[in-house]
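Here is a short tour of one protein model. Keep the sequence and the structure in view while reading.

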Amino acid sequence: MTAAASPDLLSRYGGNLPRYTSYPTAAQFTGHVGPVDADAWLRAVPSGAALSLYLHVPFCDALCLFCGCNTAVMRDPDGRAAYGALLIDELTRVADRLGPGRPVSHVQWGGGTPTTLPADTLRQVMQTVRRLFRVEDGAEIAIELDPRYLPDDYPALLGALGFNRASLGVQDLDPMVQRACGRSQSHAQTADCIRRMRDAGIGSVNVDLIYGLPYQTVDGVGATAASVAALNPDRLAVFGYAHVPWKQRRQVLLPADALPGPADRLAQRARIDAVLRVAGYRAIGLDHYARPADGLARAADAGTLRRNFQGYTVDPATVLVGVGASAISAFAQGLTQNATTAVAYAQMMAGPGRTLPVARGVRRTAGDRLRADVIEALMCNLRADLGEIARRHAARDDCFADAAPALERLAADGFVTLDGQTIRVTEAGRPFLRSVAALFDAYRTPADTTRHAAAI
């Protein structure tokens, strides 16, 4: 990965873009899609089709100022337990529409911090999942953790409930960066959390890092990456900080004058990349790293890597069902999102008729599905055969002719190579992968600069 790019290249490709964890992206969600659509799409899921379940817990023990997630501090254990009861209720409503015993290939708990739920509540929800659905042998069952607030009884509980992957946030270990971001977490806490997961039989551990935070430097992010790599996690996700204070008001409290600029962000990313590669990790897609024997690396080699709202995944399911406040579901017909706050979610769940708590979404057209396949191929494989994808969708061979001039510019800049209708993203182009994918986004407008974070 290149550590430097000219100001002209950064200006051309460093704008604000979606992360392309779906297509159409969440920017296209409106209230014109709601519970009736979700109901019909659930009932239309083919019999026997494997599902992926995502359960969202919108609570944390403390808020990190950089966080862009839908989460809030919830101190009351009874309130957390009551939210768990709502998850059970929604799971039951979903299963009623799908029919009994549907196979599930992947279960992901995210947030927020799922481990803020009381242990008995988590147990009850997981028992409900296994009662209502048929969790397949070998299914990945994953959860996000905060090493600073992991309850003593949780590692053994996760092992007993069949969890086999844990993802924990680190972000940065520099004390100055941590103070600016409102998140103090020592190397010892991180190491202890990983050890406790391993001791509990959790076979795969993922660590999240962030670059582009206030006061971060190239040497500092490199030191954090080296320190974390020495703990031998199986995977790492390396995200660029998304500064969107117009969406998340807590980010206003960050010292904006201490945020690195685009050139510094690119250099920080390059340093982390170099450190992790030297430590034996493989670069996967836009921003993930994995040990060569890890399932993520094997999927990348086999061309079966997928991308959804949880990031890169080996899950083969084509239907994702989101449960909980702000959770997103994905169907062939479209995408839906539940009410985003815990209060609004509870209000919708209390409505008449046991309806689904869907607040917005988007319907997918045939053209959307075509472009979604191109974007996912680029984001996962750094390669897309436009002709082959067009034929698969019964579209014209020249349906992407309008992207040709921009692709030629990307090729001239060394970010892609073109062989007929096959696009290959180079290593120099990997940091700019979202800019390549954006060429196939039919919804992009100049106004999008106020809806998304920086691409670099």
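The model is a predicted one.

**Nonpolar cores**

In soluble globular proteins, nonpolar side chains tend to be buried together. The largest nonpolar core here has 74 residues. Leu-91, Trp-109, Phe-133, Leu-145, Leu-158, Phe-163 and Leu-276 touch the most other members. Helix H3 gives the largest share of this core, seven residues. A second, separate core holds 45 residues, including Leu-17, Tyr-20, Ala-299 and Met-379.

Take Leu-158 as an example. Setting aside neighbours within four places in sequence, Leu-158 is in contact with Leu-122, Ile-143, Leu-145, Phe-163, Met-197 and Ile-202.

Helix H2 covers residues 35-43. Its buried residues are Asp-37, Ala-38, Asp-39, Trp-41 and Leu-42. What covers them includes helix H3 (77-98) and strands S14 (319-323), S16 (334-338) and S17 (358-363).

Helix H9 runs over residues 262-278. The buried residues of H9 are Arg-265, Leu-266, Ala-267, Gln-268, Arg-269, Ala-270, Ile-272, Asp-273, Val-275 and Leu-276. Leu-276 is also one of the residues with the most contacts to other members of the largest core. Just after H9, Gly-280 takes a positive phi of about 100°.

**A pocket and a cavity**

The table sets out two spaces in the model.

| Space | Volume | Lining by class |
|---|---|---|
| Second largest pocket | about 660 Å³ | 16 nonpolar, eight polar, seven charged |
| Largest cavity | about 70 Å³ | seven nonpolar, four polar, one charged |

The second largest pocket has a volume of about 660 Å³. Of its 31 lining residues, Arg-306, Thr-318, Phe-331, Arg-364 and Glu-376 are the closest to its centre. The elements that give two or more residues to this lining are S12, S14 and helix H12 (366-381). The largest share, five residues, comes from H12.

How many cavities of 30 Å³ or more are there? The count comes to four. The largest cavity is lined by Ala-38, Leu-42, Glu-90, Val-94, Val-321, Gly-322, Ser-329, Phe-331, Thr-336, Asn-338, Leu-356 and Val-358. H2, H3, S14 and S16 each supply at least two residues of that lining. Ala-38 and Leu-42 are among the buried residues of H2. Phe-331 lines the largest cavity, and Phe-331 is also among the residues closest to the centre of the second largest pocket.

**Two loop residues**

Thr-115 sits in the loop between strand S5 (102-111) and helix H4 (119-132). Is Thr-115 buried or exposed? Thr-115 is buried, because its relative accessible area is 3%. Not counting residues up to four places away in sequence, Thr-115 touches Ile-143, Glu-144, Leu-145, Leu-150, Pro-151 and Tyr-154. Ile-143 and Leu-145 are also in contact with Leu-158.

Gly-303 lies in the loop between helix H10 (295-302) and strand S12 (306-308). Gly-303 counts as partly exposed, because its relative accessibility is 43%. The C-alpha atoms of Gly-303 and Cys-380 are separated by 8.1 Å, though the two residues are 77 places apart along the chain.

How values were computed:
Residues numbered from 1 in each chain as written. Predicted model: local features only at pLDDT ≥ 70, side-chain atom pairs only at ≥ 80, totals over all residues. Heavy atoms only, no water. Helix = DSSP H or I, 4+ residues; strand = E, 2+ residues; numbered from the N terminus. Buried < 20%, exposed > 50% of the residue type's maximum accessible area, 1.4 Å probe, protein only. Contact = heavy atoms within 4.5 Å. Expected span 1.5 Å × (residues − 1). 1 Å grid on protein atoms, 1.4 Å probe; cavity = no way out; pocket = protein on both sides within 12 Å on 5 of 7 lines; lining within 4 Å. Points joined across faces, edges and corners; volume = space filled by probe spheres on them. Nonpolar A, V, L, I, M, F, W, Y, C, P; charged D, E, K, R; others polar. Core = buried A, V, L, I, M, F, W, Y, C linked by side-chain atoms within 4.5 Å.
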